[in-house]
Amino acid sequence: MRQQLLDHARSYYVLDTPTIPDAEYDALYQELQAIEAAHPELVTPDSPTQRVIGAVLDGLQPVRHVVPMLSIDTETDTTAAGAEKFDARVRKALGLTEADPPVEYAAELKFDGLAINLRYEGGDLVQAATRGDGETGEDVTHTVRTIAAVPKRLKGVKARVLEIRGEVFMRRDDFEALNERQRKLIEGGAKGEKTFVNPRNAAAGAVRQLDARNAVKRPLSFFAYGLGEVDGWTVPPTQTGLLEAFDAIGLPASPMHQRVQGAAGLIDFHIAIAALRDSLPYDIDGVVYKVDDRALQEKLGFKSREPRWAVAQKYPAQEKTTLLNAIDIQVGRTGKLTPVAKLEPVFVGGTTVSNATLHNVFEIRRKGVRVGDTVIVRRAGDVIPEVVGRIATRRKNYVPNFRMPHACPVCASRVVREKGGVDHRCSGGLFCAAQRKIAILHFAGRRALDIEGLGDKIVDQLVDGGLVETLPDVYALTQERLEGLERMGDKSAAKLVAGIAASKATTLARFLYGLGARHVGESTAKDLARHFGNLERLMAASVEQLLEVADVGPIVAESVHAFFQEPHNREVIAGLRRAGLAWEESEGQASAAPLPLSGKTFVLTGTLPTLAREDAKEMIESLGGKVVGSVSKKTDWVVAGAEAGSKLAKATELGIAILDEAGLLALLDAP
């Protein structure tokens with residue numbers, strides 16, 4: 001068991017390629033702890049429970065830590081009992097009774113990144129090192145200097161030595177952008193490139209690059225949370241005060257920390273962060289509790305490899321291993337065929353997962369996944385569970401590679417793949433029953449025609465019962481017909497009929513998005529509606545005329561043109577117009593004067609004080625502006641709110657104009 005843990009830890013800490021999910025490593029580690037607690041005579045100095053596991057990567061210089069970088073004990077009980085047990089241990093060690101007041105704690109987030117020690121001398125950054133084995137880490141100064149969030153000089157600090165400890169991590173939006181770039185490189189035939197399993201691995205790999213130029217390609221962030229060696233700097237008397245002091249000297253510390261009272265305060269913090277976890281811009285796998293008073297920390301002291309005054313309490317695992325029993329095909333609303341893993345049910349991310357996406361056949365090849373493998377499944381929040389890899393064990397029997405079918409499994413139409421693309425699609429269109437159902441659901445969706453009450457169970461019955469075969473049939477539904485459906489009473493039927501009628505008054509952009517044409521998302525639908533202003537002009541547009549629309553390239557133009565040239569699609573549109581769907585039309589931007597923000601590009605980052613991001617986006621787009629997801633030299637303005645991260649840093653680096661909410665509103669109101 002010790003050797004297994006050492007092997008897994010080396011893969012995680014040294015090679016940045018974990019072989020099992022964190023939850024399984026924690027369970028194995030705690031099992032070893034229990035065995036050693038029951039049989040103390042079996043404890044040896046080289047046991048993983050007695051030391052921090054890590055090593056120096058070949059090519060990086062070793063750095064001896066003056067103050068060891070110890071890890072924190074992990075409490076895997078995700079219930080209130082986990083916090084209560086820690087508080088009870090602290091109170092017992094301090095000799096407190098029930099009559100004594102509650103202990104004050106600093107409650108913080110447990111970031112999923114790479115621990116770093118920053119050494120400042122005279123206020124200047126002179127060295128950055130990884131944790132390594134706690135005693136000796138790796139010199140990664142060359143890569144850490146590329147991180148915009150790490151100050152090269154501290155504000156007002158002249159201390160001979162001040163070592164700052166914190167976490168290097170990658171924000172979720174930066175991780176998705178990185179993987180998208182990697183996918184494009186791979187599709188373009190680039191050799192030696194790969195996508196990354198999770199932000200933690202991408203961040204750790206970037207920091208430990210031998211060539212800093214490679215690290216620059218991966219945007220990293222940093223939060224400070226502790227100290228190493230200190231000589232000549234007055235340390236605040238509390239952990240909370242320390243985090244506040246970091247901000248004052250130019251070091252970013254997570255704003256999501258609190259001073260809380262006793263076990264009840266820890267429990268409230270754990271619950272509150274759990275509710276916010278999926279909406280955070282970065283990954284966390286738990287929270288950290290620390291006795292706030294540093295004098296009490298010194299009194300409590302340390303165990304062999306962990307402080308007694310701190311503990312990390314995890315949340316339910318979001319990665320688990322299970323068996324891949326089969327691979328099925330799911331047909332989407334646009335005809336895309338997606339391989340779906342049929343799994344041995346496993347509890348992950350707070351729910352039982354038996355299906356997970358495999359994306360496409362090329363991802364299956366890249367991950368080396370075959371039926372019968374033990375695979376790693378990830379689920380985060382409302383994100384569709386996915387298979388991210390397999391446990392690299394030898395297969396007992398030969399299993400052939402998965403191949404995509406030549407015919408649609410639903411309607412038997414021919415399956416095609418676009419040149420240079422990775423997705424296979426059914427050519428059956430609205431004639432395919434699978435696409436028909438999902439096309440109706442998409443058409444009725446909140447951002448399309450917004451037909452309240454027309455959900456998946458109702459659509460299943462309508463299509464399966466032959467009441468709806470194409471979109472105009474929705475508008476022929478009557479209350480009497482709907483009352484015949486299962487679990488549909490007269491009030492529900494009347495409400496749905498009213499919702500269908502109300503949806504007839506819409507906008508051209510919503511209508512275009514609702515049609516579900518290939519490559520026409522919500523943003524492109526708005527661009528097309530603004531440019532042409534009139535459905536007839538759009539339907540008659542040539543590819544060349546479509547290319548005149550902002551951000552419409554050859555692929556989108558060809559797709560839109562082909563969609564409107566298809567007779568069946570024209571029949572559907574005509575049927576919807578006969579059913580009474582209508583919207584306000586205009587001359588369009590093609591013939592009208594340009595709007596004030598035409599041709600201007602915005603990036604929104606962070607949380608604005610009063611405006612929801614979607615509202616700010618709509619206001620910008622209403623004046624002709626374009627809102628995109630990443631900062632580049634072509635960006636005109638970056639609108640930054642609280643918790644703005646790497647996008648703000650990049651905008652500053654590129655000299656791009658930065659607006660707060662007040663500045664944005666002033667710009668939108670300008671004549």
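Is Glu-163 buried or exposed? In this predicted model, Glu-163 turns out to be buried, at a relative accessible area of 4%. Its salt-bridge partner is Arg-119, with N and O 2.7 Å apart. Arg-119 sits in strand β4 (residues 114-121) and Glu-163 in strand β7 (residues 161-169), so the pair links distant parts of the chain, 44 residues apart. Arg-119 counts as buried too, at 14% relative accessibility.

Across the whole structure, the search turns up 34 salt bridges. One of them joins Arg-2 to Glu-36, the closest N and O atoms being 3.0 Å apart. Because Arg-2 lies in helix α1 (residues 2-14) and Glu-36 in helix α2 (residues 22-38), this pair ties together parts that are 34 residues apart in sequence. Arg-2 is partly exposed, at 25%, while Glu-36 is buried, at 6%.

Another salt bridge pairs Asp-73 with Lys-303 (3.8 Å, N to O). Asp-73 is buried at 14% relative accessibility, and Lys-303 is partly exposed at 37%.

As for the cysteines, the disulfide count is zero. The sulfur of Cys-408 has its closest cysteine sulfur in Cys-426, but at 3.7 Å that is too far for a bond, the cut-off being 2.5 Å. Cys-411 is in no disulfide either, with the sulfur of Cys-426 3.6 Å away. Cys-408 is buried, at 4%, whereas Cys-411 is partly exposed, at 25%.

Conventions
Residues numbered from 1 in each chain as written. Predicted model: local features only at pLDDT ≥ 70, side-chain atom pairs only at ≥ 80, totals over all residues. Heavy atoms only, no water. Buried < 20%, exposed > 50% of the residue type's maximum accessible area, 1.4 Å probe, protein only. Salt bridge = Lys/Arg side-chain N within 4 Å of Asp/Glu carboxyl O. Helix = DSSP H or I, 4+ residues; strand = E, 2+ residues; numbered from the N terminus.
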